[in-house]
Amino acid sequence: MSPEELGTIQEAIRGEGLDGWLFCNFRHRDKLSDDILGLSHDTTNSRLWFYAVPANGSPLKIIHAVEPQALDVLPGTGVFYIAREDLLAALKPLSGKRWGVHSSETILALSYLDAGTAAVLERAGLKLVSAAPLIQRFRGLLGAEAIASHERAAVHLYEIVGLAWDLVKEAHKNRKPIYEGDVRSLMLSEMEKRKLFPDHPPIVAAGPNAGNPHYDFENKGALFKEDDAVQFDLWAKEELPGAVFADISWIGVFAEKASSRIEKTFIDLIAARDRAFSFIEEKLASGQRPSGAMVDKAAREMLIGKGYEKAIKHRTGHGIDTEIHGSGANMDSVEFPDSRLLLDGACFSIEPGLYFEDFGLRTEIDVYIQSGKAFISGKPHSRQSDLLLC
């Protein structure tokens, strides 16, 4: 770990008003600790270690004597233990202080600290709080170069959507059979041409398949049928170190005109998406920082008010960074409620969806916060306002 990285960690600690950030690992069960500290997942980790980074000053390494070199690559003073009493004595200097740890009752993707180890720490007198806000500050806030990378990826994805729909329209016009796999193959080919990396193939779902938010298929997938709702969901990042993902969803109908039911559902869904964005703008303009949960609630309440409560199957959005589901705030007030605030550098999706037995619709834009303002990624393409039609 470089002095600059240590400084960034301590800046995050001070930003959250904590005394320190406590990392620990046993058998590499906490991938997050290894990744943040730059430790190899291949080293021996048969004994529990702790790495305590204070808001100011030098870190403390607490290491078992069997593996004295476990944290040699990290700065700080080392203390060794063998017996449980030795461990409690080594933890004593941390007593009475508030330490961020990898535990959360709601954001399970960041919750690695087991109950037994937490009990040991509390017995030693440490005050434990969730490190989720620290993780957002350290990993989930983008700088100017990262935002530029995200923007470039978003523009590419919007262009790929246009090419994909041209293929669909041509098939419809010429009454030529077209399968979900045909469209997905084009998307993947375009990503390869543009040197974009998707961590999973995009979603192309027609008809009832669009009612499954995580639909996937083998071989060619389903044949497009007249009047089918068609869901595109694609994400990728540049094949460069530090590149940031973009993640968008667009909706079409395999027909020259949509049914009144699909049209109304689409209009209501777009309104909920745009309400989430305008809610963020309003809060920022008033000098407030909304939480991810507040944004989700704004979109969700609008859809519930229109009678769609049973058709909502997921949160309104997720954090985005070098991982498609990143370390920043999620737009979620129900499943994994996220109280973290949308700080400068936050990047996330807004993607409300409605799902039924015969079709489903999800519209998705990406947003980032910069200098206290919200921006939609990938302009001039920005956001879908009309259904794609043949």
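Is Asp227 buried, partly exposed or exposed? In this predicted model, Asp227 counts as partly exposed because its relative accessibility is 47% (buried means under 20% relative accessible area, exposed over 50%, and partly exposed in between, with a 1.4 Å probe and protein chains only). Residues are numbered from 1 along each chain as its sequence is written, and side-chain values use heavy atoms, with hydrogens and water left out. As the model is predicted, local features need pLDDT of at least 70 and side-chain atom pairs count only at pLDDT 80 or more, while totals for chains, interfaces and linings use all residues.

Asp227 is not a glycine, yet it has a positive phi of about 75 degrees. Its place is the loop between β8 (203-206) and β9 (229-238); helices (H or I, at least four residues) and strands (E, at least two) are DSSP runs numbered from the N terminus. Arg27 is likewise a non-glycine residue with a positive phi, here about 55 degrees. The loop between β1 (20-25) and α2 (31-37) holds Arg27, which counts as exposed because its relative accessibility is 61%.

Two helices come next. Helix α6 (residues 144-173) packs with helix α7 (residues 180-193) at an angle of about 145 degrees, and their axes are 10 Å apart (axes are lines fitted to C-alpha atoms, for helices over the stretch in contact, and angles run from 0 to 180 degrees between N-to-C directions). From α6, Leu157, Ile160, Leu163, Ala164, Leu167 and Val168 meet Asp182, Val183, Leu186, Met187, Glu190 and Met191 of α7. By class, this contact of α6 with α7 has 10 nonpolar, no polar and two charged residues (Ala, Val, Leu, Ile, Met, Phe, Trp, Tyr, Cys and Pro count as nonpolar, Asp, Glu, Lys and Arg as charged, and the others, Gly among them, as polar).

Leaving aside neighbours within four places in sequence, Asp182 is in contact with Leu167, Pro177 and Lys220 (contact means heavy atoms within 4.5 Å). Between Asp182 and Ser111 there are 40 Å in space, C-alpha to C-alpha, and the two are 71 residues apart in sequence.
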